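Hi everyone, thanks for having me.

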Amino acid sequence: MKIKVDIVTGFIGSGKTKFINNKIRTEVFRKNIIVIIQCEKGQSEIDYDIFKNNNLFIENVSNQNSLDEKYLNEIIKKYQPNKIIIEANGIEKIDNLLNIFDYFSVSRKCFINEIVHLIDATTFDIFMNNMGEILITQISNSDFIILKNTAGFDIGKLNSIKRTLKRINRSAKISREILIQNKPKIINNEILILMAVFLSAVTYLVCSVIGFEMPAVFFPWIEHFSSVFLSILIQAFPFILFGVFVSSVIQVFVTSEKIIRIFPKNRILQFIVAIFAGAFFPVCDCAIVPVAARLIKKGVPLPAAVTFMLAAPIVNPIVIASTLYAFPGQPSIAIYRFCIGILVALFVGIVFVFSPEKDIMLLSNVNEIACDCGLCGDNYDNKKGFGRNIDAVFRHATTEFFTVGKFLIIGSFLSSLMQTIIPKDVFSNLGRGSIISLLIMMLFAFILSVCSTSDAFIARSFTNQFSMGSVMGFLVLGPMIDIKNLLMLLGSFQKRFVIKLVILIFVISFEILLVFTTLF
């Protein structure tokens, strides 16, 4: 897996070393190998006593300009770390340091996880007036800005500093005297799910032993709910397993550069490649936003990147196979989904040809092609060669399965709940109006946020209450935009661009699906 690189900036006396000491304390629980590269020597020292198992290494660089791609590759080869923390020189511009991560020899091994800038509020005006050019470059590239020495500080002056920082970097998170720590999670989502399953099984066994019977008024409903809920899960989980495994293989073995190289310079060919690239690089909607952001940063034109981002989760062979399996004897459903999805993706991309956008990326760097699994780039394993990659595939697939499975369980639960609690005549009345029923199913797709490799099984459960045109709205819109995708978009692109993109997806999808609903 790729190595996480954290960069800490700020002028001398801002507390960079103390911040790093606080940060590495959280790594003790993870037993990571950490290399700290100090481009500046301050009054404080790195606390070696934090790491009792000799997993902490420090490299001192007298001149920050000597920290280049060759030096970084030597550090990686020498220590094989899980994380690298760079304490940048406070009086040097950060641009040259960031440019190192654009080299393929570096980007295939590591990525910038976060850039933190520390500011002493009492000296901010002095530094801004005298060294503003250097300070602005550090602030504008930061993900987090921490204001120090704000106790008893004039609140009006403090707000003035924050406004200045926001003008320089609108996307950075600003905090006061709070060290950003990633505390180890004692109970994570996977453990909670296992605990819930275990407690349910124990409860069932206890009730069976003591002879407790569920009240008759509840038992038929629970039986109906369970059958609907389990039928969705049992049919969907095999595709989830296969999907996350294929996604993990691509994540580990297929680099971003390989995907980028397939896009030709001809605009028409770019659209053709963008539409069908997802068939050869089957990435589901849970992972597509970081891929699209990386394509744009590497120079792929915005219209082609947007088309790829919207089409890939639908032309994914696993998605097509799951749709065929979810609707047995109805191959037309998969064909309609495929064709309508391509049309929507193509039209949205064409809009950006005639209405181009500039400066859509956030100032933070997008150097990682990763899904939302939380493992990408983490824990660069000490194993070497093919064995390391195989280990990474299984670890990635395991984590992604629980992440994606969580959305599937929530979606299946809500779908089963609505079908068993809400009277069927309500759905029947809603389903009669093509516009209203289509809007409802599109809204369901956005809220439920189910992975595109398994959403067909939930969509099928609505076929008795809604028209096929409305169900198609669920199948087409969901892979393109939902809650989790919206959050990832807001984390990678400017808000103005995201709003425009979301509106285009909804409007174009609705118009094409409405035509389909009236015809079929």
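Predicted model: local features only at pLDDT ≥ 70, side-chain atom pairs only at ≥ 80, totals over all residues.

Phe 144, Ile 146 and Lys 148 point one way from strand E6, while Ile 145 and Leu 147 point the other way.

Since that makes five of the five residues of E6, the strand is largely enclosed by the rest of the structure.

Who sits beside it? Strand E5, residues 110–120, is joined to E6 by five bridges, and the two run parallel.

Now for some helices. H14, residues 331–354, and H19, residues 468–480, have axes that come within 10 Å and cross at roughly 50°. That angle makes H14 oblique to H19. On the H14 side, the contact includes Tyr 336, Arg 337 and Gly 341, and on the H19 side Met 472 and Pro 479 are among the residues involved. Sorted by class, this contact has 11 nonpolar, one polar and one charged residues.

Our last stop is H17, residues 434–448, with H21, residues 495–519: their axes come within 11 Å and cross at roughly 135°. Here too the helices are oblique, and the crossing is right-handed. Among the contact residues are Leu 438 and Phe 446 of H17, and Phe 506 and Leu 513 of H21. How many charged residues does this contact have? None: there are nine nonpolar and three polar ones.

Definitions and conventions
Residues numbered from 1 in each chain as written. Heavy atoms only, no water. Axes fitted to C-alpha atoms, helices over the stretch in contact; angles between N-to-C directions. Helix = DSSP H or I, 4+ residues; strand = E, 2+ residues; numbered from the N terminus. Parallel < 35°, antiparallel > 145°, perpendicular 65-115°, else oblique. Left-handed = near helix turned anticlockwise from the far one by under 90°. Contact = heavy atoms within 4.5 Å. Nonpolar A, V, L, I, M, F, W, Y, C, P; charged D, E, K, R; others polar. Buried < 20%, exposed > 50% of the residue type's maximum accessible area, 1.4 Å probe, protein only. Pairing = 2+ DSSP bridges.
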